[in-house]
Amino acid sequence: MTQMTRRRALALAAALAAPALLPGIAAAQPAYPNRPITVIVPFAAGGPTDVVTRLVAEVMARDLGQPVVVENVGGAGGTLGAQRVAQARPDGHTLLLHHIGMGTTPSLYRRLAYDPVNGFEPVGLVTEVPMTIIAKKDFPAANLADMVRVMREQKLSINLANAGVGAASHLCGLLLQSAVQAQVTTIPYRGTGPAMTDLIGGTVDLMCDQTTNTTQQIRSGAVRAYAVTTSERNAALPDLPTAAEAGLPGFEVSVWHGLYAPRGTDAAIVNRLSRSLQVALREERLVARFAELGTTPVSQERATPAAHRAYWQADIAKWRPIIQAAGQYAD
């Protein structure tokens with residue numbers, strides 16, 4: 001056998017042996033997840049989205065067999081945290097849990113350092129949280145109809161607090177002013193906590209925020225509540241009328257939350273995360289805690305990538321004309 005023939009024979013033997021090695025190579029790949037997972041919350045600690053995320057993360061950690069660490073990266077209406085995830089390595093170890101802002105950011109911001117639509121892989125919806133219309137305890141309106149009258153009469157002398165441009169409370173405030181046809185003075189804060197503190201202290205007049213942040217304050221009498229912004233009353237606040245019942249028909253808004261991975265994350269990883277999310281949303285203690293906060297987990301069917309993507313795209317289309325009509329942009 002010549003040297004040339006010998007080389008060819010060795011090359012052929014190596015090629016034939018290669019397929020037999022592939023299973024061993026595949027088996028050597030680390031299973032997912034193989035280290036702690038970080039879930040970015042793009043808002044301050046203690047706010048509604050943070051509370052929801054920590055409850056979900058605790059159960060998912062047990063199911064995934066790895067710690068799930070919640071990190072708050074607030075600022076710029078949630079876009080700083082979202083940008084960090086959009087630019088993260090798409091290996092399933094850096095995730096985003098965001099609210100309705102994922103539906104409004106594409107219209108609210110005209111210039112961003114990341115793609116707010118194509119920069120993410122939706123994992124599944126988590127919950128839809130009702131909003132409540134509330135005021136400081138001594139606000140001079142006994143019910144929602146009176147509140148609307150005061151807003152229309154006093155307009156810019158009325159202060160409406162929110163947790164910052166792009167926050168759920170800001171968006172609800174936009175809708176409220178549009179619905180009552182009265183522009184008031186909006187006061188943006190850096191987070192829900194300080195906004196609520198000033199409302200309780202009487203520094204500001206009104207606020208429209210999620211039940212996850214307002215239920216306990218309403219029950220304790222720290223604030224005056226006028227309505228819940230859904231078509232049905234909320235089980236956690238059964239005595240609080242809907243906006244329609246209180247005289248503002250058609251005013252409905254809820255804040256949905258969803259889990260995201262960076263674009264390009266392998267479908268198998270996205271599906272594993274979705275299955276873990278579904279496990280979390282069935283967990284009895286989580287369901288009970290959600291109920292205390294005035295919300296419920298979404299159905300198992302909605303906690304999937306496909307359902308999440310469809311809902312997200314529909315919400316982007318819903319908010320675009322509202323934001324354009326208001327002419328209020330975050331940049």
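By class, the lining of the largest pocket consists of 10 nonpolar, 12 polar and two charged residues. Here Ala, Val, Leu, Ile, Met, Phe, Trp, Tyr, Cys and Pro count as nonpolar, Asp, Glu, Lys and Arg as charged, and the others, Gly among them, as polar. The model is predicted, so that local features need pLDDT of at least 70 and side-chain atom pairs count only at pLDDT 80 or more, while totals for chains, interfaces and linings use all residues. Residues are numbered from 1 along each chain as its sequence is written, and side-chain values use heavy atoms, with hydrogens and water left out.

**Pockets**

Lining the largest pocket are 24 residues, and Phe 43, Ala 44, Ala 163, Arg 190 and Gly 191 lie nearest its centre. Two or more lining residues come from each of α2, α6 (168–180) and β7 (206–210). A pocket is an open set of points on a 1 Å grid over the protein atoms alone, where a 1.4 Å probe fits, with protein on both sides within 12 Å along at least five of seven lines; lining residues have an atom within 4 Å of a point.

| Pocket | Volume |
|---|---|
| Largest pocket | about 350 Å³ |
| Second largest pocket | about 290 Å³ |

A volume is the space filled by probe spheres set on the points, which are joined across faces, edges and corners. The second largest pocket is lined by 17 residues, with Glu 128, Pro 130, Asn 234, Thr 295 and Thr 296 closest to its centre. Its lining has six nonpolar, seven polar and four charged residues.

**Packing of helix α2**

Helices (H or I, at least four residues) and strands (E, at least two) are DSSP runs, numbered from the N terminus. The axes of α2 (residues 48–64) and α10 (residues 284–292) come within 10 Å and cross at roughly 175°, which makes α2 roughly antiparallel to α10. Axes are lines fitted to C-alpha atoms, for helices over the stretch in contact, and angles run from 0 to 180 degrees between N-to-C directions. Angles under 35 degrees count as roughly parallel, over 145 as roughly antiparallel, 65 to 115 as roughly perpendicular and the rest as oblique.

In this contact (heavy atoms within 4.5 Å), Val 52, Leu 55, Val 56, Val 59 and Arg 62 of α2 meet Arg 285, Leu 286, Arg 289 and Phe 290 of α10. Six of these residues are nonpolar, none polar and three charged.

Helix α9 (residues 267–282) packs against α2 at an angle of about 120°, with the axes 8 Å apart, and the two are therefore oblique to each other. On the α2 side, Val 56, Val 59, Met 60, Asp 63 and Leu 64 take part, meeting α9 residues that include Arg 272, Leu 273 and Ser 276. The contact of α2 with α9 has nine nonpolar, one polar and two charged residues.
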